[in-house]
Amino acid sequence: MSENKIKVLLNGANGRMGNEVIKASAEFENIEIAFIHEFIEYSLELLTSIGSLLLGKNYNSVISIYRTFYENYIVFSYFQNHSELQLRFVDHAKLDELSLRIELSKLRKEDYTEIQNQYKQLLAKYEKGFEQDYGWAPALIGKNKKLKIMFSESNLGETFTYFYNLACEYTHASAFSLTNRANFENTIGFLFGISEILSKEFQA
């Protein structure tokens with residue numbers, strides 16, 4: 001596929017999806033889960049950046065963004081079936097932010113007592129282990145199985161998981177990534193993967 005054709009694809013996708021974001025925003029505000037609207041906007045930003053990176057021959061960056069998009073979309077789909085987890089998710093995000101601020105204060109040798117107290121107060125609202133990855137998810141989701149269970153509640157096919165696994169191979173320092181360099185031909189699929197994921201959501 002030529003660079004001109006990719007530009008046409010991106011311009012068309014952004015035009016169609018921009019209208020969908022406006023309609024989705026009004027709906028999400030009515031049911032008080034505006035952070036889902038933020039996810040959609042973030043997804044469009046990723047779609048734009050992944051195309052620009054592809055044109056700039058930054059293939060590994062394209063693959064890395066696909067991993068981010070895939071994981072975020074599965075979480076997004078999960079929330080559509082479990083909107084009661086909204087507050088837990090938001091608090092988990094706040095907890096992560098406070099944790100990073102504490103670590104930064106330690107590096108700068110600054111006093112972080114107030115930040116740590118905020119962290120402890122927020123953490124005290126929840127059960128043990130809430131601060132861990134995906135700690136906002138229900139207890140029924142076992143260790144190392146969270147993303148897989150969330151995937152089962154999405155509308156994605158296994159093809160997208162194949163691309164995700166492939167992206168992981170390229171992203172990590174593995175024998176595969178060192179002996180199989182990313183190029184235009186084996187990276188273009190990730191762009192279409194994101195476009196198709198968004199298309200599925202808007203058609204749902």
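Predicted model: local features only at pLDDT ≥ 70, side-chain atom pairs only at ≥ 80, totals over all residues.
Residues are numbered from 1 along each chain as its sequence is written, and side-chain values use heavy atoms, with hydrogens and water left out.

The secondary structure of the chain consists of nine helices and zero strands, where helices (H or I, at least four residues) and strands (E, at least two) are DSSP runs numbered from the N terminus. Along the sequence the pattern is α-α-α-α-α-α-α-α-α. The chain has 204 residues, of which 40% are buried; buried means under 20% relative accessible area, exposed over 50%, and partly exposed in between (1.4 Å probe, protein chains only). The accessible surface of the chain comes to about 12100 Å², with 51% belonging to carbon and sulfur atoms; such areas come from the Shrake-Rupley method with a 1.4 Å probe, and for residues only the protein chains shown count as cover. Of the contacts (heavy atoms within 4.5 Å) between residues at least 6 apart in sequence, 70% join residues at least 24 apart.

The largest nonpolar core contains 48 residues. A core of this kind is a set of buried Ala, Val, Leu, Ile, Met, Phe, Trp, Tyr and Cys residues joined through side-chain atoms within 4.5 Å. Within the largest core, the residues with the most contacts are Ile-50, Tyr-66, Tyr-70, Trp-136 and Phe-190. At least two core residues are supplied by each of helices H2 (34-55), H3 (59-81), H4 (86-107), H5 (113-123), H6 (146-152), H7 (158-171) and H9 (184-203). The largest share, 13 residues, comes from H3. When residues up to four places away in sequence are not counted, Tyr-70 touches Leu-147, Phe-151, Leu-156, Phe-160, Thr-161 and Tyr-164.

Three salt bridges are present in the structure, each defined as a side-chain nitrogen of Lys or Arg within 4 Å of a carboxyl oxygen of Asp or Glu. In one of them, Glu-127 pairs with Arg-88, and the closest N and O atoms are 2.7 Å apart. Glu-127 lies in the loop between H5 and H6 and Arg-88 in helix H4, so this pair ties together parts that are 39 residues apart in sequence. Glu-127 is partly exposed at 40% relative accessible area, whereas Arg-88 counts as buried at 16%.

A salt bridge also joins Asp-91 and Lys-125, with 2.9 Å between the closest N and O atoms. This pair links distant parts of the chain, since Asp-91 is in helix H4 and Lys-125 is in the loop between H5 and H6, 34 residues apart. Asp-91 is buried, with a relative accessible area of 3%.

Lys-106 and Glu-103 meet through their side chains in a salt bridge at 3.8 Å, N to O. Both residues belong to helix H4 and are three residues apart, so about one helical turn separates them. Lys-106 is partly exposed at 40% relative accessible area, and Glu-103 is partly exposed at 41%.

A polar atom of the Arg-88 side chain lies 2.8 Å from the backbone oxygen of Trp-136. Leaving aside residues up to four places away in sequence, Arg-88 touches Tyr-126, Glu-127, Phe-130, Gly-135, Trp-136 and Ala-137.

Notes:
Polar contact = N/O pair within 3.5 Å; in protein donor to acceptor, adjacent residues only side chain to side chain.
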